[in-house]
Amino acid sequence: MLRPVTDADGAPFWEYAARGELRVQACAGCGEPRFPPRPCCPHCQSFEAEWRLVPGTGRVWSYVVPHPPLLPDYAELAPYNVVVVELDKAPRIRLVGNLVAGPGEPLGSLPADRLRIGARVRVVFDDGLPRWVLERS
């Protein structure tokens, strides 16, 4: 797997993820959450920020199953999904990741016919990467 490329603004996201915590950057001035992380709030232009723990639940907002894979290193993993998850407690925040059959399961472990827009999901962490699993009804 390609590892995330971090910068000063986004590094805390990955540090928290490595500890199994899903946190999003929020403006310390107006309280508005923002993603991707950036130095200035787009709502009030404050440069003050904090990292808020979020529950890690949401819904599949969009998804794709790439055929053929766009990156050669992913060819043996295909088919796999890429999902966009809208967070429950920060509905304007959407995170890109993969939906897997369970914690520690590999890419492609969830059959594509189980993917649905609006499906309820929760975050799990695999080697510091946020992944998503279907919530049990």
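## Ground rules

Since we're working with a prediction, local features need pLDDT of at least 70 and side-chain atom pairs count only at pLDDT 80 or more, while totals for chains, interfaces and linings use all residues. Residues are numbered from 1 along each chain as its sequence is written, and side-chain values use heavy atoms, with hydrogens and water left out.

The contact (heavy atoms within 4.5 Å) takes 18 residues from domain 1 and 20 residues from domain 2.

## What gets buried

Together the domains bury about 1,400 Å², and 72% of that is on carbon and sulfur atoms. Buried area here is the accessible area (1.4 Å probe) that two parts lose on being put together, summed over both.

The interface has 2 salt bridges, each a side-chain nitrogen of Lys or Arg within 4 Å of a carboxyl oxygen of Asp or Glu. R92 also forms a salt bridge with E32, with the closest N and O atoms 1.9 Å apart.

## Domain 1's side

On the side of domain 1 that touches domain 2, α1 (11-18) and β2 (33-34) each supply at least two residues. Helices (H or I, at least four residues) and strands (E, at least two) are DSSP runs, numbered from the N terminus. The largest share of that side, 4 residues, comes from α1.
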